[in-house]
Structure formats: structure tokens, C-alpha cells
Amino acid sequence: MIVRDFNKIVEDERDRVVSNEQWTSVRMLLAGDGMGFSFHITFLEAGSEHTFHYKNHFESVYCMQGKGSITDVATGETHEIKPGVMYALNENDKHVLRAEEELVMACCFNPPVTGTEVHQADGSYAPSEELAD
């Protein structure tokens, strides 16, 4: 059984907290935990806009707090993001995520991230095999 305390991770396990100037992701589960997915709590700054394209990962996201929108780049379709809304990038969808208010999101990635990933220029993470090289 794996039990982790979000507050302890934030205080004591800084290697599990990844951020830039517009978002912070607290990595609760990583590839090394052997669960087959990773689980993160991610905070996106109010007023921020992010273009992501997880070409090598599937992601599902549940909004716990805040307000924003997500646009599917391929179709132009935009959906409201608010508490209770979940979206799943089941076709590795390139998307633009906008935070009108601070968004607090629970995110799962498959395959799981290792914790060392950074977004590449195209908004994706490298495949896990490339990270091992």
C-alpha cells in the first residue's frame, strides 16, 4: 500500500514538485511506484494559457477548483472547465488550456511520468524510452 500526504510532499519532498512561472505540479505517484499511471495535483496560475500536446502519453484531468476552458486545436471546439468537469485526452489531443481563475486539477498520465520530464517545444513530454537514454 502506498500512502502519501500532499502537504508532506510539498514541505519535504521537493523532488516531487515540478513547476515553472505559470504552473506547479505535485507528483503524488510516479512511474517508479509501479502503478502503471502517475497521479498529480496541478495548479495553473490565473490568467495563464498553455498549449500542450502529449503525443506519447494519455492524460485525464479532473477540475477540483477554479474556472477556465480547454480548446481542442484540431477541431477548434472549446469546453468550459469548472469544478466537477473531467476531460480525457484519449487521442493525444493537442489542446490549449486557459485558466481564468487559478485551476486546481487532479491529473493521471499513462504511461506514468518519471518525475524528471519537462515540456518540449511542441508541448509534449518525451517518450519514457528517451528519458532513460
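1. Cys 63 stands opposite Met 105 in β10. The two strands concerned, β5 (residues 58-65) and β10 (residues 103-110), are antiparallel and share 7 bridges; pairing requires that DSSP find at least two bridges between the strands. Glu 59 has Phe 109 of β10 as its bridge partner. Strands here are DSSP runs (E, at least two residues), numbered from the N terminus.

2. The model is predicted: local features need pLDDT of at least 70 and side-chain atom pairs pLDDT 80 or more, whereas totals for chains, interfaces and linings use all residues. Residues are numbered from 1 along each chain as its sequence is written, and side-chain values use heavy atoms, without hydrogens and water.

3. Strand β10 also pairs with β3 (residues 38-44), again antiparallel, through 7 bridges. Because 6 of its 8 residues are buried, β10 is largely enclosed by the rest of the structure; buried means under 20% relative accessible area, exposed over 50%, and partly exposed in between (1.4 Å probe, protein chains only).

4. These strands belong to an open, antiparallel sheet of 6 strands, ordered β1-β2-β3-β10-β5-β8.

5. Gly 84 lies in the loop between β7 (78-81) and β8. Gly 84 is partly exposed, because its relative accessibility is 47%. Beyond residues up to four places away in sequence, Gly 84 touches Tyr 62 and Cys 63, contact meaning heavy atoms within 4.5 Å. The C-alpha atoms of Gly 84 and Tyr 62 are 6.8 Å apart, although 22 residues separate the two along the chain.

Key: Helix = DSSP H or I, 4+ residues; strand = E, 2+ residues; numbered from the N terminus.
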